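Me: Here is a model that I would like to go through with you, setting each value against the definition behind it.
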Amino acid sequence: MPYHWVRRPEEAPEKSGASSREPVAELVLWPHRSLPRTGFVGFIAATAALLSLPLFAVLGTKILWGLLPFIVLAVWAIWRALSSSYRTGELTERLTLHRDRIEIVRRAPDGTELRWHANPYWVSVTLHATGGPVPDYLTLKGEGREVELGAFLSPEERRDLAVALRAALSAARS
């Protein structure tokens, strides 16, 4: 799953002895990565090896020097596209739930942060089956604003997350 609970609601300290600074739950979300870094290196190496196979037929001829720049350019373009994809995948969303405050910090790949906070007692979790930019669009509404959460997750993951968030909010309210 491209999210994990740093602290689960059931691990929260008891209300009587807990400080308000201690989070009830903490969640980190990130876009799914189907190709890990080691796979990235392997893919580039395999691509370079396969693209260089036709060069063996023209070794020692002038044709080699005509084909070589295009093969190098093709490998560079693939490397550049995958690197760009990894950079855009550095997006993270962190939800921190306290008994008196919920906060979402969305950090973009360029380092900019967007913050939203509200009183968890008034926050509602909504799963929009239709009408959103993605199927099963997940939003949290509170303090007069509605913010999306996990738009990069699959519809099943957003549905599971909505159930877990409702349970976490219920635990924070009690």
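Me: What makes L68 a kink in helix 2?

Reply: The bend at a residue is the angle between axes fitted to the seven residues ending there and the seven starting there, and in helix 2 a kink of about 25° lies at L68, shortly before the proline P69. This is a predicted model, in which local features need pLDDT of at least 70 and side-chain atom pairs count only at pLDDT 80 or more, while totals for chains, interfaces and linings use all residues. Residues are numbered from 1 along each chain as its sequence is written, and side-chain values use heavy atoms, with hydrogens and water left out.

Me: How do you know that the span of helix 2 agrees with its 27 residues?

Reply: The expected span is 1.5 Å times one less than the number of residues, so helix 2 should span 39 Å, and its end C-alpha atoms, 41 Å apart, agree with that.

Me: Which residues of helix 1 are buried, and what covers them?

Reply: In helix 1, F40, I44, T47 and L55 are buried, and their cover includes helix 2 (62–88).

Definitions and conventions
Buried means under 20% relative accessible area, exposed over 50%, partly exposed in between (1.4 Å probe, protein chains only). Helices (H or I, at least four residues) and strands (E, at least two) are DSSP runs, numbered from the N terminus. Contact means heavy atoms within 4.5 Å.
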